[in-house]
Amino acid sequence: MTTIASRVVTFSDQQIDMAHGAGGKASRRLVEGLIVPNFFTSGAGEPLSDAAYLALGDARLAITTDSFVVRPLRFAGGSIGDLAVNGTVNDLAVGGAIPYALMCSLIVEAGLPTDVLRAEVEAMGAAAARAGVRIVGGDTKVVEHGKADGLYITTTGIGRVDDRASLSAATVRPGDRVLVSGHVGDHGITVLLARGDIDLAADLRSDTRSVFPFVDALFDAAGAEVRWMRDPTRGGLATSLNELARDCGLAIVLDEESMPVRDEVRGACELLGLDPLHIANEGQLVAVVAQQAAGRALDAIRNVPGGESAAIVGRVDVAPARTVLAAASYGGTRVVDMLVGDPLPRIC
Amino acid sequence: MKYVDEFRDPRLIKQASDEIKRLIDPSRHYRIMEVCGGHTHAIYRFALADLLPPNIELVHGPGCPVCVLPMGRIDAGLSLVEEQHAIFTTFGDVMRVPGRHGSPIERQARGADIRMVYSPLDALKLARDNPERQVVFFAIGFETTAPSTALTLKRAQEAAIANFSVFSNHVTIVPAIRAILDSPDMRLDAFIGPGHVSTVIGARPYAFIARDYQKPVVISGFEPLDLLQSIVMILRQLRDGRADVENQYGRTVPWDGNLPALRVLADVFELRPFFEWRGLGFISQSALKLRSEYAPWDAEARFDMAAVQVTDPKAAQCGEVLKGVLKPHQCKLFARECTPERPVGALMVSSEGACAAYYNYVHRRDMAASA
């Protein structure tokens with residue numbers, strides 16, 4: 001990965017804006033230009049992944065951490081407690097690890113009704129039970145009223161690296177197929193509508209869940225022919241795939257026709273001028289699989305409950321390098337860039 | 001999805017694209033301006049250039065509200081945040097438009113009370129909920145969004161909400177088209193007429209383009225098939241030597257416009273004698289100000305707002321791109337100093353801006369292909 005190691009990212013922005021946390025280009029610059037250089041003395045320039053890997057004696061471990069600051073705390077299909085468990089479980093799962101245990105840290109705003117906190121802690125317990133992980137410890141802080149939108153949660157997860165996994169952007173080859181586990185954009189649009197800022201209603205639910213069952217099925221079906229995986233959260237599928245395109249130096253060509261997007265999500269995106277590919281997911285998997293294994297991999301995911309609408313949505317190509325394209329059924333192709341800024345609706 | 005899928009049907013799109021190829025005179029170059037920024041966005045978003053013969057050139061017009069707004073208006077609006085301790089509200093498009101001291105979103109990060117709203121009625125609600133604060137709505141857009149501002153002002157008047165005001169930056173599309181037609185460096189063959197604006201003003205106001213300038217106008221929808229069909233209709237007119245106003249977007253655009261919307265506009269707004277447009281300069285009778293009956297809700301009448309004259313950064317060629325004289329990538333700053341992430345000019349900000357659309361959907365594809 002010498003091409004990446006030679007790229008020096010500098011961060012010269014004078015202040016931190018919301019865009020730096022939106023998961024797109026600005027987030028990436030912040031992490032690579034300001035944060036990573038101060039933490040790592042070696043290994044700089046390697047592609048960043050969702051989890052870090054440690055070898056302790058014979059054990060190979062994956063560790064990851066994530067903070068949750070969603071507003072509102074509850075929305076159709078889930079809540080911050082569900083996200084806090086599933087988000088971290090998913091980072092481990094797509095990092096090729098079997099999720100084992102979580103630590104959780106709660107930052108609670110003074111004045112939060114106990115019932116609200118109880119509901120979230122119960123949601124975390126239930127989500128952990130569903131995902132088959134234990135929450136083994138944590139910390140609680142209370143901050144002044146008006147400081148924390150009710151509740152912020154940070155979870156840290158640890159897992160054992162799956163022997164079946166050999167994931168790396170470097171193994172991605174032209175001809176490989178891109179697979180998603182189901183409908184994209186459900187979570188982001190659900191939360192956007194739950195905020196009540198837009199006078200739109202839709203029968204949508206967040207997709208928050210553990211994606212480990214998909215990962216497990218994928219490894220069983222395709223093993224080392226699974227080259228790369230992500231759970232496309234903030235910044236959506238477009239951002240995850242742009243990171244892949246950059247890290248592997250190849251082109252990702254999506255077929256818009258085969259992308260599973262619910263009509264409700266498409267409709268909201270059309271109205272608000274958003275692209276479903278930029279919308280966050282909390283229970284989907286995007287994977288690159290060798291061409292010859294793609295059919296098997298797809299069948300495996302479709303056989304997992306919740307994976308029925310999985311689809312092969314694109315392929316890896318040589319050119320244009322480091323770019324994601326979307327090809328429309330009628331012929332045109334467009335570039336699909338990373339999210340820039342926060343998604344803002346257009347006015348006319 | 002209804003009203004979307006049938007307008008992206010590959011078979012119909014192929015037919016329209018073939019019809020365009022049949023209709024063109026290969027020895028001739030066609031310059032067609034899409035007036036509306038929404039069309040510019042759709043053209044790039046759907047990669048329609050891939051479906052058109054090379055001798056059809058689409059020229060991007062001035063129909064992107066934040067693109068044509070001089071930087072000084074943003075600064076003037078934002079000055080109310082400090083001077084009046086006001087809550088500044090506006091549409092998402094404006095949030096990242098650079099002002100002299102940063103964009104609204106950057107000012108927000110530094111603590112200014114700036115809020116994005118989806119409707120001016122949301123701004124009015126904020127005023128109701130915060131009676132001790134001034135709430136200013138930075139109004140922007142063509143006749144598309146102006147009726148909702150007008151309706152909000154009527155509500156504010158009815159409910160006598162004293163801490164609400166509007167800073168009007170509404171502009172009107174027809175004088176801008178006339179300015180382009182009168183511009184000496186403009187050689188256009190026809191216009192793709194704006195879709196959303198026309199849902200309000202109808203097709204009638206474009207009659208002068210066909211009558212006085214002999215240029216065909218076809219009002220178009222925003223889906224790939226809409227735009228291709230509009231080009232077919234334009235090419236037929238050109239082949240037959242006709243210049244008419246035609247309405248491809250009849251499913252949404254009534255010939256006479258939206259009469260209740262036009263009435264509310266006339267009740268609340270009047271034309272300014274002149275207004276500055278980026279790239280096009282001062283155009284007379286091209287923008288809307290509040291009538292004197294609404295002076296208590298008119299930020300310009302209520303507050304001392306110095307007319308801030310701010311010229312664009314010298315090297316930026318936004319004006320030339322806006323007039324269609326330069327293509328986005330021909331600007332000296334394009335993709336160098338000016339990117340969607342760090343825009344120098346508003347054309348790189350708005351999703352309807354030609355530069356942002358070109359950068360997002362085409363530029364990197366072409367760069368990579370030529371590398």
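In this predicted model, the centres of domain 2 of chain A and domain 3 of chain A, taken over C-alpha atoms, are 24 Å apart. The bounds come from an automatic or database domain assignment, which gives chain A domain 1 (1-46), domain 2 (50-161) and domain 3 (169-335).

How do the two domains touch? On the domain 2 side, 20 residues are in contact with 20 residues of domain 3 of chain A; contact here means that C-beta atoms, placed from the backbone, lie within 7 Å. Helix H3 (80-94) and helix H4 (114-131) of chain A are the elements giving two or more residues to that side of domain 2, and H3(A) supplies the largest share, 9 residues. Helices (H or I, at least four residues) and strands (E, at least two) are DSSP runs, numbered from the N terminus.

Now for some strands of chain A. Two strands pair if DSSP finds at least two bridges between them.

| Strand pair | Direction | Bridges |
|---|---|---|
| E1(A) (residues 52-56) and E2(A) (residues 59-68) | antiparallel | 5 bridges |
| E2(A) and E7(A) (residues 151-161) | antiparallel | 8 bridges |

E1(A) and E2(A) make a hairpin with 2 residues between them, and Gly57(A) in the turn has a positive phi of about 60 degrees. Follow Ile63(A) in E2(A): its bridge partner is Ala52(A), and Ile63(A) also stands opposite Ile158(A) in E7(A).

Residues are numbered from 1 along each chain as its sequence is written, with chains lettered from A and ligands numbered from 1 in the order written. Local features need pLDDT of at least 70 and side-chain atom pairs count only at pLDDT 80 or more, while totals for chains, interfaces and linings use all residues.

Technical notes. Two residues are in contact if their C-beta atoms, placed from the backbone, lie within 7 Å.
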